[in-house]
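Hello,

Here is the structure I promised to pass on to you. Have a look at it first, and then read my notes below.

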Amino acid sequence: HPNVTQTIEAIINANLIDVLIQLLHHKLPKFQYEAVWCITNIAASEDSNHVQKLLDKNIIEHLNGLLD
């Protein structure tokens, strides 16, 4: 899936993971939902480096915060 990989790499290179994390903490659930959707697409990547980028940002901790 070259297009998906290129899209994920563009998101990572633009430092948008930080923006997605901010949206996880947004007061509007719709924003949180969309951020989770993007994050899960990155996490489902076949490239382990993409997943590692999420882990480096402590994504698990941020996602767990949604469960409170």
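A word on terms before we start: helices (H or I, at least four residues) and strands (E, at least two) are DSSP runs, numbered from the N terminus. On that basis the protein has five helices and zero strands, and its elements follow the order α-α-α-α-α from the N terminus on. The radius of gyration (taken over C-alpha atoms) is 12 Å, close to the 11 Å that the globule rule (2.2 Å times the number of residues to the power 0.38) gives for 68 residues, so the protein is as compact as a globular protein of that length. Along the principal axes, the C-alpha atoms fill a box of roughly 35 × 20 × 20 Å.

Please keep in mind that this is a predicted model, in which local features need pLDDT of at least 70, side-chain atom pairs count only at pLDDT 80 or more, and totals for chains, interfaces and linings use all residues. Residues are numbered from 1 along each chain as its sequence is written, and side-chain values use heavy atoms, with hydrogens and water left out. The average pLDDT (the predictor's confidence in each residue, from 0 to 100) is 95, and 99% of the residues score at least 70. Confidence is lowest in α1, with a mean of 92, and highest in α2, at 98.

Now to the inside. Of the 68 residues, 21% count as buried (under 20% relative accessible area, with exposed over 50% and partly exposed in between; 1.4 Å probe, protein chains only).

Which residues does Leu-24 touch, not counting residues up to four places away in sequence? Its contacts (heavy atoms within 4.5 Å) are Gln-32, Ala-35, Val-36, Ile-39, Ile-59, His-62, Leu-63 and Leu-66.

His-62 lies in helix α5 (residues 59-65). Its side chain makes a polar contact with the side chain of His-25 at 2.8 Å; such a contact is a pair of N or O atoms within 3.5 Å, where within protein one must be able to donate a hydrogen and the other to accept it, and residues adjacent in sequence count only if both atoms are side-chain atoms. Leaving aside neighbours within four places in sequence, His-62 is also in contact with residues including Ile-21 and Lys-57.

Ser-45 counts as buried because its relative accessibility is 16%. The side chain of Ser-45 makes a polar contact with the side chain of His-50 (2.7 Å).

Finally, look at both ends of α4 (residues 48-56). At its start, a side-chain oxygen of Asp-47 reaches to within 2.8 Å of the backbone nitrogen of Asn-49. Just after α4, Asn-58 takes a positive phi of about 55°.

Enjoy exploring!
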